[in-house]
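This report is for a reader new to the structure shown below.

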Amino acid sequence: MKPIGSLILLVVVSILVTSCGSTNNLTLAKGGKANYLIVLPDSPTLVEKTAAKELKKHMEQITGAEFTVIGESEVNSEEPMLVVGNSNLARTLLPAVNLDNLAYDGIIIETVGRNVVLLGHPVRGTLYAVNTFLEEATGVRWWTSTEAHIPSSKNLQIPQLHVNYAPHLIYRESFYKDALSNSPFAVRMKSNGDFSKIEPEYGGYHRFQYFVHSFYPILPPQVYFEKHPEWYSLVDGKRLNQWAQLCLSNEEMLKEFTKNVLDTLRSNPDRDFISISQNDCHGACQCDKCQTIVKEEGSESGPLIRFVNAVAEEIEKEFPNIWVETLAYQYTRKAPLKAVPRKNVVIRLCTIECSFSQPLGEGDHNQPLRDDIEAWSSIATNLFVWNYVTNFTSYMLPHPNLHTLAPDIRFLIKNKTIGLFEQGDFYCDAGDFVRMRNWVISRLMWNHKLDENQLIDEFLAGYYGKEAAPYLRRYWDLLTQQVKDADAYLRCYMEHTADWLTVPVYAEAASLMKQALNATKEEVYRNRLRREEIPLKFVLLLENERFKSYEKENGGSPVVLPDPEKGLEEFMSLLDEFNVTMVREDFSNNANHRQWIEQVLNDRLFPKGEKQY
């Protein structure tokens, strides 16, 4: 498989690894008989040990040969080596590289003679270097946590490698179920966000104290409100202790709030971020002092940033490496006129009001948020963005936003974004090509300069098969063009597709999916395609009346409607087969939507009680 990344410079084939004879000893291409070694520091870190283990496992799978892991003190200098980790040997081989000052999550992959050095930033960079080497130099592809392409080569040619790279985003999280279910896969996707819960041997993850909406968790009304109602928002002449905020101009409240924050961080010293952010509602304080600040700043973000800055100043004295995150969200989204966020403060914006048929940086749909992002970028050192990449009302509906993913990431990075939380279908096992979305988004967050169309094409061919890929590409191009032509405001809460998906275009899309299936013979690929049929089948059942109306009004239709009972039965069988129990966002414990969605569809298909449920 041809490497797709732009990180590695391929110069000349420098090493040829072969397995020969019944003992599978590794030799050099010119006939040498030295073992090919993986060399660790004599006192390796947990991550370096994991990196060597992963490299050994995959190289042995690829070549059929045996790789030996040794410490650097055991090295015979004449033997070719894969040098893993920040060892004295690595420093000797790379005298011009300052290994003590590597950028966060940065990697180095360097050919030195017959050796390859693989290392990175001490937190998890060495493991990232090994995974990048396996992807780009050998052709390994991890499509999902359980599905991969591991090439087989008895004559593995390792090109000369010259990589010194660090991602722009220090926090990267693709919020999909499969992406967060498995530490090795999360690291292979180079995800490091709070929800990934990556184990220490795989480099751990960025830990948030709180995650968002933390005013009441830090200053609980049930503890303080009775004695200090003045610490909470004054709304319409009344102090409120629910569905409201704090009185951000109250100096005594600030002291207690700051004390609680510092106590919390002392109890949780492993945190990288702490959220000092408004509750998920309106209810800003209307007291005279707060509103005087609002007038001075031209925005409700004025009191917020002044308050957060004061807390962040105290945090920095004791915890200089912790990022203090706050929201620019809903009523605080507009940047202030005077207040400037401190250098340890990260401003997090959200795309919840946006249209996902247009990129954030283009078109008129998202002009208001674009203006706000650029305004914050002009005064803040760092931004963090909570981006929405699915349809939370219905994971199962087609959601043609694929063309916006890469431009949005690039626009956000251009505007000082250091953290990106891409919220996808975390609660669902199927959805609208969610495995491809996770793979493409993850790679773009790691390197936003990659060609998104090349990434999409590679995933389609590699995961669904070369026979199906051309039809699937046409399918996505069709839906993308349709949502553009319709100028639809594609929200992250959509109840149907009627705003953009016409009946004739639906028919063409269904035909392309059918052609992809008909062209595919291998059962593993066919099963993957059958899962991706679910959104189209769902549209036909959920919006059955619209399709029937089209047929009646036009004297015919390009879409043949299935028998309602049979169509519903087949659809529910698909959900069962692919373990789909949740079809929308739902925070309740042990949620299961199977019975609910069957009832919804039954009501749509048989509105007059034609069938007893």
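## Terms and basis

Buried stands for under 20% relative accessible area, exposed for over 50%, and partly exposed for what lies in between (1.4 Å probe, protein chains only).

The model is predicted: local features need pLDDT of at least 70, side-chain atom pairs count only at pLDDT 80 or more, and totals for chains, interfaces and linings use all residues. Residues are numbered from 1 along each chain as its sequence is written, and side-chain values use heavy atoms, with hydrogens and water left out.

## Trp323

Trp323 is part of strand E17 (residues 323–328); helices (H or I, at least four residues) and strands (E, at least two) are DSSP runs, numbered from the N terminus. Trp323 is partly exposed, at 23% relative accessibility. Its contacts (heavy atoms within 4.5 Å) include Ile170, Phe273, Val346 and Ile418, leaving aside residues up to four places away in sequence.

## Salt bridges

A salt bridge is a side-chain nitrogen of Lys or Arg within 4 Å of a carboxyl oxygen of Asp or Glu. The count by this rule is 39.

One of them pairs Arg443 with Glu135 (2.9 Å, N to O). Arg443 sits in helix H12 and Glu135 in helix H3, so the pair ties together parts 308 residues apart in sequence. Both Arg443 and Glu135 are buried.

Another joins Arg333 and Glu353 at 3.2 Å, N to O. Arg333 is buried, with a relative accessible area of 13%, whereas Glu353 is partly exposed at 34%.
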